[in-house]
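Let's take a walk through this structure together. Keep the sequence and the 3D view at hand as you read.

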Amino acid sequence: MQRRQFIRGVAGGIAATAFSGLIGRPAFAAAGECIVPWASDTKMIKREAKSGPFNIALSNSYIGNTWRTEMVQIAKAYTERDEVKPLIKSFQATSSGNEVSAQIAQMNQMILSGVDAIILNAASPTGLNSVIDQAADAGILVVSFDNVVTTDNAVTVNQDQYEMGKQWADFVVDKTGGNGNILMVRGVAGTFVDQERTRAANDVFGKHPDIKTTEIYGNWDDGTAQKVTANALASGTKFDGVWSQGGDTGVVRAFQQAGLDIPPIAGEAENGFRKLASELKFPMLSIGQSPALSALSIMVALDILQGKETPQSVSAPLPTATTDTLKSGENFFPELPDSFFTPISIPVCGLDFTAEQILKQKV
Amino acid sequence: MTTEMRSSPTLASRLSAFTRHGVAVSYVLLVVLIIVAVILNPAFASWANVKAQLQIATFIGIIAIGQTLVILTGQIDLSVPWNLTFSSILMATLYGQGYGFGVAIGAALLVGIGVGLINAIGVAVFRLHSLVWTLGMNALLEGATMVYTNGQPPDSTIPGVVRFLAVGNLGGMPVSPLVWALLAVVTIIVLARSRFGRFLYATGNNEPALFLSGVDTRLVHVGAFVASGVCAVIGGILLTGYASQTYLGMGNDYLLVPIAAVIIGGTNIMGGAGGYVGTIAGTLIVVLLQSILSVAQIGQAGKNIVFGLIIIALVLLYARQARPTD
């Protein structure tokens, strides 16, 4: 862990945030900074320092996809690191499924067992607020990440989904010269993440009158994305670029199966997507939600428990790769399955993991 | 449905009248949809598009075979998603470990048969409702998949024969719709001509009466659920070939859509009436509707509303027609 860098990061982050606050955009982590406040008005929190080791619990909701399992594995790998281990008395990860009531029961159990901090991937942005308040009353720190919660009683750690959607759109505009048919493969309708990413894309594409977009829903799932893309291609439109939120391996395969050249594609960070880009050399931008957000959240929790001043809402860096920066074994893994999520490290935070370290952990 | 005994000729004639009616409605709807689609976009009638639509419909159509049989008996199979996922991952993993494709596919089919048997035991022996029992089975299979894969489908290879069945071409025809057509013909013949087919309807209409007439209705449930388990596995194998990979959650899309196809096709959700001819129309309607609404750039919310309205309208229509048989 890079403590000095962290302190500099906070200072720099505040300055950067003050600037980006002026231009009306949430801050996101720039190069060289790990823990960055979400916005200029993000409040800083500081608790009375406690000495470890601490009891940490990870409360997860749904576990049935690769991202979630990697997220749990990375959390376990992180707590076993030499520099982290002495701070951890116990670490336990449990998954309750997508039922809010089940996750409430699970968190109640954690509160009763007297943990110091709960790391939370929530089944609902608001449904767990009451149990989080109970945890706060009991002096338990709650750090929520990925699917974050709305209560101020929790610290949040997440990547800026708007910024991600914007960078994808900027890439597509750049590669198409700002005109042509763009296929937008959206995620799961009605989710915050899908809405933010799409809002950013439409803000960018809206500035280019010669861009015509077609929206389909791939549900962040390879099979579904492949089907809806095949469908869109079969209807006869020629697409000059693709902006895709996930299921990108399926998107590329649909183009392949239709016998078409692969256009520039901006998308998420599935291993299959990057493998295909490395093989077929189409212009690609890949930015992914990192499963290492779990480790970053534990890091933030340990900081706060030890009395460090920390933003109440942390904006995590966006792990980015392009066709030119692909490196086998580093940001994509030819020997691993297509569904593997590649951004397993957040280097700027000192969170570097290898695929082997992660996969040997039990889910 | 009343539980009183009815003489079989009247029952059969009324049933077939109703079935023909429900099927007719779904085919009329299908034709209307096709016309709308072609008006919206003439490229819809292109062979490339027809192939793409049929390819997509195949997965739903095959899974809906099993679901049709189970729903005809008045039950439902909610274990499809993780049965499909677990068996597909097992197949790809075994093949990746060097077993032949026969062993790999055989093992996957055995999983489907086993899941179907356990589902049937819950329903036929313990007399539990399939809604609860098969949902539990689904959760159990999700857990089993997690333990087996430790969260990451192991490095796997897709057998060439699976790729061929899923995305291959035979004399200009895509292979997977041919697989579907073959299974569809077998299903329609079994439902119309065989004793098992008649017992499926009779179980859904009045299981005690069928039992009292000397038929072991437990075996009827076994047949229906094993067929559903196997259909889920076949659908999963084809999906694996199509996507060139297996992954956690690959079955999530195949729970409600095939059930919707069965209901839109005119099969009574309470069992006893309907059939696979209608389900074929239901499957094509579901796929076409998705496609039309996408092409027309109607958002997901609009799609859900249209889908919901169609299902509600059809269920109301079918219920009105069903009333005279009570």
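Predicted model: local features only at pLDDT ≥ 70, side-chain atom pairs only at ≥ 80, totals over all residues.

Let's begin with chain A, whose secondary structure comes to 11 helices and 15 strands. Its radius of gyration is 20 Å, close to the 21 Å that the globule rule gives for 363 residues, so chain A is as compact as a globular protein of that length. Taken along the principal axes, its C-alpha atoms fill a box of roughly 60 × 45 × 35 Å. Of the 363 residues, 55% count as buried. If you look at contacts in chain A with a separation of 6 or more, residues 24 or more positions apart account for 71% of them.

Chain B is built from 12 helices and two strands. A compact globule of 326 residues would have a radius of gyration near 20 Å, and chain B agrees because its own value is 20 Å. The C-alpha trace of chain B spans about 55 × 50 × 40 Å along its principal axes, and 52% of its 326 residues count as buried. Among contacts in chain B between residues at least 6 apart in sequence, 78% join residues at least 24 apart.

Back in chain A, you can follow a division into two domains. Domain 1 takes residues 3–159 + 290–318 + 348–359, while domain 2 covers 161–287. The centres of these two domains of chain A, taken over C-alpha atoms, are separated by 30 Å.

Now for the sheets. One open sheet in chain A has seven strands in the order β1-β14-β7-β6-β5-β3-β4, with mixed pairing. At its edges stand β1 (36–37) and β4 (88–95) of chain A; each has a single partner strand, so one side of each is left without a neighbour in the sheet. The partner of β1(A) is β14(A), residues 313–316: two bridges join them, and they run antiparallel. Here Pro37(A) stands opposite Val314(A) in β14(A). Helix α10(A), residues 293–305, packs on this sheet, touching β3, β5, β6, β7 and β14 of chain A. The direction of α10(A) makes about 155° with that of β6(A).

Is it enclosed or open? Six of the six residues of β7(A) are buried, so the strand is largely enclosed by the rest of the structure. Ala154(A), Thr156(A) and Asn158(A) point one way from β7(A), and Val155(A), Val157(A) and Gln159(A) point the other way. Four bridges join β7(A) to β6(A), and the two run parallel; Ala154(A) in β7(A) is the bridge partner of Val142(A). β7(A) also pairs with β14(A) in the parallel sense over four bridges, and there Val157(A) has Val314(A) as its bridge partner.

A further open sheet in chain A has six strands in the order β9-β8-β10-β11-β12-β15, again with mixed pairing. β9(A) and β15(A) stand at the edges, each with a single partner strand, so one side of each has no neighbour in the sheet. From one strand to the next, the twist averages 15°. Strands β8(A) and β10(A) run parallel and are joined by four bridges; in β10(A), Ser244(A) is the bridge partner of Val185(A). Helix α5(A), residues 161–176, packs on the sheet by touching β8, β10, β11 and β12 of chain A. Helix α7(A) lies across β8 and β9 of chain A, running at about 140° to β9(A).

Finally, look at where the chains meet. The contact takes 38 residues from chain A and 34 residues from chain B. On the chain A side, α2, β9, α7 and α8 of chain A are the elements that give two or more residues. α7(A) supplies the largest share, 10 residues. The residues on this side of chain A divide into 13 nonpolar, 16 polar and nine charged.

Technical notes. Residues numbered from 1 in each chain as written. Chains lettered and ligands numbered in written order. Contact = placed C-beta atoms within 7 Å. Nonpolar A, V, L, I, M, F, W, Y, C, P; charged D, E, K, R; others polar. Pairing = 2+ DSSP bridges. Axes fitted to C-alpha atoms, helices over the stretch in contact; angles between N-to-C directions. Rg over C-alpha atoms; globule rule 2.2 N^0.38 Å. Buried ≥ 20, exposed ≤ 12 C-beta atoms within 10 Å, placed from the backbone. Domains from an automatic or database assignment.
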